[in-house]
Amino acid sequence: MIRCLLWLTLLFAGGAQAHQASEAYVIYRVDGTQVQQRLDVALRDLDRDLALDADGDGALSWGEVRTRWPDIERLAADGLQFTTDGVACTSLDRPTPQLEEHSDGTYAVLISHWHCPSPVQALVLDYRLFAQTDAAHRGLARLEGSPGEPLVLVPGAGPRRLHAAEGRGLGGFIVEGVGHIAGGLDHVLFLVTLLLVAVFRRDGAGWQPREGARSVLAETLKLVTAFTLAHSVTLGLAAGGLIDPPAAAVESLIALTVLLAALDNLRPFVPGPRWVMVAMFGLVHGVGFAGPLKDLGLRGGALVLPLLGFNVGVELGQLAVVALLLPPALLMRGQPIYRRGIVPVLSAGVAALAGVWCLERALGWQLLG
């Protein structure tokens, strides 16, 4: 069990870039035989494949992006192709270089116009973007004005049909929510810090093992429920566009919540029941969860199903973390090596990593590569 926790720590440390799920957004506008395709691709993904950062300073300038725009066009053309029921359309122009800010960074925007032989009823998409370099990458495609939900495009998975009445159902958004937790190291480490000491009770400036399993489960339930309710509120508000704080500030605050929770593990200093702290921090994490839904641009009734499915997926991801860590923590809570070794070592490691994230996100530094 001790080895399991230590290996888990090494696994987390290997993914030090938190909250960088790779997604591209594809929007089609259809008018008879005319099709407009808009593809938004993250600059960080393009830089990984094309080495756009010519001067190696860790920041992409407009000049660096514009100089390599033909390469970006070729990568996009190879990575996304569409037909209308097996018939190819004719390109009418080349995308004009432009950038746009999304919730998780700057994206290259490629807008192109196409003429098709007959009125378009459906589009068949062959998506291969980053198939060889990022197995976790996904494309999210939708028809402008369509009531259908966005379609998840897995690179290299074969053609997918996009129709006005079709799209991703509840299950697809549940999977997306689980994937968001799996790819969001900061959220996972926040949960890990909570679970490490959920088997303890506060004793002055330290921790003591809880008496029985029922007490541990009750404490865990309080923490998970507080976090869930809090992040669900801000997830809904942010996804619906009712609140829109700067992404850099949100990411910095998320890193700060991880840091404070880890430091509280080492020496309890946050006053009051711990679930109160978790609820407050959960409000911040909820805004971070909302990024993928915000970028889809859905509003009103069209947002209900994606929001529900995505939130369920997030909860399932959290429960997986609980199921993995709580049993060994419960069994080892009374052993000195757990209280005096595993908990302080893991908490210190999380605190150090979160401290680096705080500096990177607040000051725009690149320390972890």
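Is D264 buried or exposed, and what is its relative accessible area? In this predicted model, D264 is buried, with a relative accessible area of 0%. The side chain of D264 forms a salt bridge with that of R202, with 3.9 Å from N to O. This pair connects distant parts of the chain, since D264 belongs to helix α8 (residues 247-266) and R202 to strand β12 (residues 200-203), 62 residues apart. R202 counts as partly exposed, at 32% relative accessibility.

The chain as a whole contains 12 helices and 13 strands. It has 369 residues, of which 49% count as buried. Among contacts with a separation of 6 or more, 74% are between residues 24 or more positions apart.

The salt bridge of D264 and R202 is one of 15 found in the whole structure. Another joins the side chains of R48 and D45, at 3.2 Å from N to O. These two residues are three apart in helix α2 (residues 43-50), which means that about one helical turn separates R48 and D45. R48 is partly exposed, with a relative accessible area of 38%, whereas D45 is buried, with 3%. Both belong to a network of salt bridges that links D45, R48, D49 and D134. A further salt bridge brings together the side chains of R210 and E219, at 3.3 Å from N to O; here both residues are buried.

Strand β3 (residues 80-84) has two faces: L80, F82 and T84 lie on the covered one, Q81 and T83 on the uncovered one. β3 runs antiparallel to strand β8 (residues 123-127), and four bridges join the two. Within this pairing, L80 is opposite Y127 of β8. β3 also pairs with strand β4 (residues 87-88), again in the antiparallel sense, over two bridges. There the bridge partner of T84 is V87 in β4. The hairpin of β3 and β4 has two residues between the strands, and D85 takes a positive phi near 55° in it.

V178, in contrast, lies in helix α5 (residues 170-183). V178 has 31% relative accessibility, so it counts as partly exposed.

Note on methods
Residues are numbered from 1 along each chain as its sequence is written. This is a predicted model: local features need pLDDT of at least 70, side-chain atom pairs count only at pLDDT 80 or more; totals for chains, interfaces and linings use all residues. Side-chain values use heavy atoms; hydrogens and water are left out. Buried means under 20% relative accessible area, exposed over 50%, partly exposed in between (1.4 Å probe, protein chains only). Contact means heavy atoms within 4.5 Å. Two strands pair if DSSP finds at least two bridges between them. A salt bridge is a side-chain nitrogen of Lys or Arg within 4 Å of a carboxyl oxygen of Asp or Glu.
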